[in-house]
Amino acid sequence: MNVVGRTRASVLHAESGRLLWASFITMTKINIPTPLRQYAGKQPTVEVKAATVSEALSGLVSKHPDLRRHLYTDEGKLRSFVNVYLNDEDVRYLQKDATALKDSDTISIVPSIAGGW
Amino acid sequence: MLKIGQSNYDSLRQHGEETYPHECCGVLLGQMGGELRTVSSVVRCGNTRTDSPHNRYDIDPRELVRIQRQGRERGEDIVGFYHSHPDHPARWSPTDLAEAHWFGCSYVITSVEKGKAAVTNSFELTGSDEADKKLLDEEVEVI
């Protein structure tokens, strides 16, 4: 199988050699909005290895711990004004954090824009 | 400080007149350079707050994702946003502050009085997090 841009992660049983678990992990690009770049090495995008949206976001804050408090509450929940999009879809309308990633997917973190007098 | 060309400046003010008595809203694309934000294009957005459009605005995040992507393809970043205050001063409100999350960006507000754009002011969202954020007056240079 010729797999480009992703690696196959697997767990083999030491004695039987049986495949216990396998998952495709993709390299996912995460777009960082301008106000958060200062906490992400001033980069407009960060690439992480992940199989799901949840893993991608975890990978992001592991790489750049200063981002955590801007994305998550003290209880570990994504802040209400932080929108996470997979390509052009809000992950809340997909499988949320469990949404699987495939090659060439792009995640965008988009703080909300609203107001009025 | 916010630097913006005359045509872009006129465009965002005119947008407020066109949507009057409802609030207009949009995105400022350009370059961030320390304390200076230079606008190279203005993108009009729809106001999704159809329940109270005369005093509230909200930009669909999906539209923001698209604008951000198209901007990046041209080497532009989101440097700010604009909206109008129909028959209300061009000052930020408690709602504007509560809903502002793009630190280091400009929030431009135009008062529209009886359908005519009046005063346009800009405010920079400063602070390190939600607890200490502030909207501070900033100079607008129209070039």
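**Exercise 1.** Determine in which sense strands β6 and β7 of chain B pair, and over how many bridges.

*Solution.* Strand β6 (residues 106–113) and strand β7 (residues 116–126) of chain B pair in the antiparallel sense over seven bridges; strands are DSSP runs of E, at least two residues long, numbered from the N terminus, and two of them pair if DSSP finds at least two bridges between them. Within chain B, B:Tyr107 stands opposite B:Phe123 in β7(B).

The model is predicted: local features need pLDDT of at least 70, side-chain atom pairs count only at pLDDT 80 or more, and totals for chains, interfaces and linings use all residues. Residues are numbered from 1 along each chain as its sequence is written, chains are lettered from A in the order in which they are written, and side-chain values use heavy atoms, with hydrogens and water left out.

**Exercise 2.** State the strand order of the open sheet of chain B and identify its edge strands.

*Solution.* The eight strands follow the order β8-β7-β6-β5-β2-β3-β1-β9, with mixed pairing. The edges are β8 (134–138) and β9 (140–142) of chain B, each of which pairs on one side only.

**Exercise 3.** Describe how chain A meets chain B.

*Solution.* First, 26 residues of chain A are in contact (heavy atoms within 4.5 Å) with 35 residues of chain B. Next, β7(A) pairs with strand β4 (residues 57–59) of chain B in the antiparallel sense over three bridges, and A:Ile113 stands opposite B:Ile59 in β4(B). Finally, four salt bridges (a side-chain nitrogen of Lys or Arg within 4 Å of a carboxyl oxygen of Asp or Glu) cross the interface; A:Glu89 and B:Arg62 meet in a salt bridge at 3.4 Å, N to O.

Key. Helix = DSSP H or I, 4+ residues; strand = E, 2+ residues; numbered from the N terminus.
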